[in-house]
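Here is a short report for a reader new to this structure. Look over the sequence and the model first, then read on.

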Amino acid sequence: MQTKEIKTIINEYNSIEELPEEQILIVNKAKEAAKKAYAPYSKFNVGACVLLKNGEFIQGNNQENAAYPSGLCAERVAMFYANAKYPDVAVKAIAICAYSNSKFMSEPVPPCGSCRQVLLETEVRFNSPIKIILFGENRISIIENAKQLLPLSFDNNNFD
Ligand code: THU
């Protein structure tokens, strides 16, 4: 029997000013996107911004529906649009935040399992790490790649 341990490294920052310029920009674009979310049912407005290797920023937000499962998370709206518009360009980073009751969440909001799976697909597809920036008013958490958010993942390497 062997025991394996999987490690996820999370770098935490107490203020957005500690981040480099490009990361401040992507976070601010995610915050801007959150305010435009269509979330009349949950009233939990999520914003995401994808930074592509070509320097382009793509924003997304959650889009809900009266038929609840027909809605989509902010991260997947942004990722799918980025991959649709630039199918040959790798994703460098994604920033995520959530806004509810007239304020941004104080703690970082991590992406759901399905969004992690989608982030991983793009990371594997381009063989290029996607930095994940989770914004909260009290804390900003940064994880260097999607794989660390989804260990023991299922991806196309499992096909053989
Ligand atoms: N939501 C996201 O947009 N991203 C996540 O990673 C978690 C949840 C959305 C889905 C739904 O519109 C609302 O937040 C409440 O779950």
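## Terms and model

Buried means under 20% relative accessible area, and exposed means over 50%. Strands are DSSP runs of at least two residues, numbered from the N terminus. The model is predicted.

## Strand S7

Strand S7 covers residues 140-143. Ile140 and Ile142 point one way from S7. Ser141 and Ile143 point the other way. All four of these residues are buried. In a regular strand the side chains alternate between the two faces of the sheet.

## Partners of S7

What joins S6 to S7? A hairpin does, through 4 residues. Strand S6 spans residues 131-135, and its pairing with S7 is antiparallel, over 4 bridges. Within this pairing, Ile132 stands opposite Ile143 of S7.

S7 also pairs with strand S1, residues 11-13. These two strands run antiparallel, and 3 bridges join them. Here Glu12 has Ser141 in S7 as its bridge partner.

## The ligand and its surroundings

Which residues are around the ligand? They are Ser42, Phe44, Val46, Asn62, Glu64, Cys73, Ala74, Glu75, Pro111 and Cys112. By type, this shell divides into 6 nonpolar, 2 polar and 2 charged residues.

For Asn62, a polar side-chain atom lies 2.9 Å from a ligand oxygen. For Ala74, a backbone N or O atom lies 2.9 Å from an oxygen atom of the ligand. For Glu75, an N or O atom in the side chain is 2.8 Å from a ligand oxygen. Taken alone, the ligand exposes 370 Å², and the protein buries 74% of that.

## Val46

Val46 is one of the residues around the ligand. Val46 is found in strand S2, residues 45-52. Is Val46 buried or exposed? Val46 is buried, because its relative accessible area is 9% and the cut-off is under 20%.

Val46 and Met105 are 59 residues apart in sequence, and their C-alpha atoms are 10.0 Å apart in space.

Technical notes:
Residues numbered from 1 in each chain as written. Predicted model: local features only at pLDDT ≥ 70, side-chain atom pairs only at ≥ 80, totals over all residues. Heavy atoms only, no water. Near = heavy atom within 4 Å. Polar contact = N/O pair within 3.5 Å; in protein donor to acceptor, adjacent residues only side chain to side chain. Areas by Shrake-Rupley, 256 points an atom, 1.4 Å probe, with all protein chains shown as cover. Nonpolar A, V, L, I, M, F, W, Y, C, P; charged D, E, K, R; others polar. Buried < 20%, exposed > 50% of the residue type's maximum accessible area, 1.4 Å probe, protein only. Pairing = 2+ DSSP bridges.
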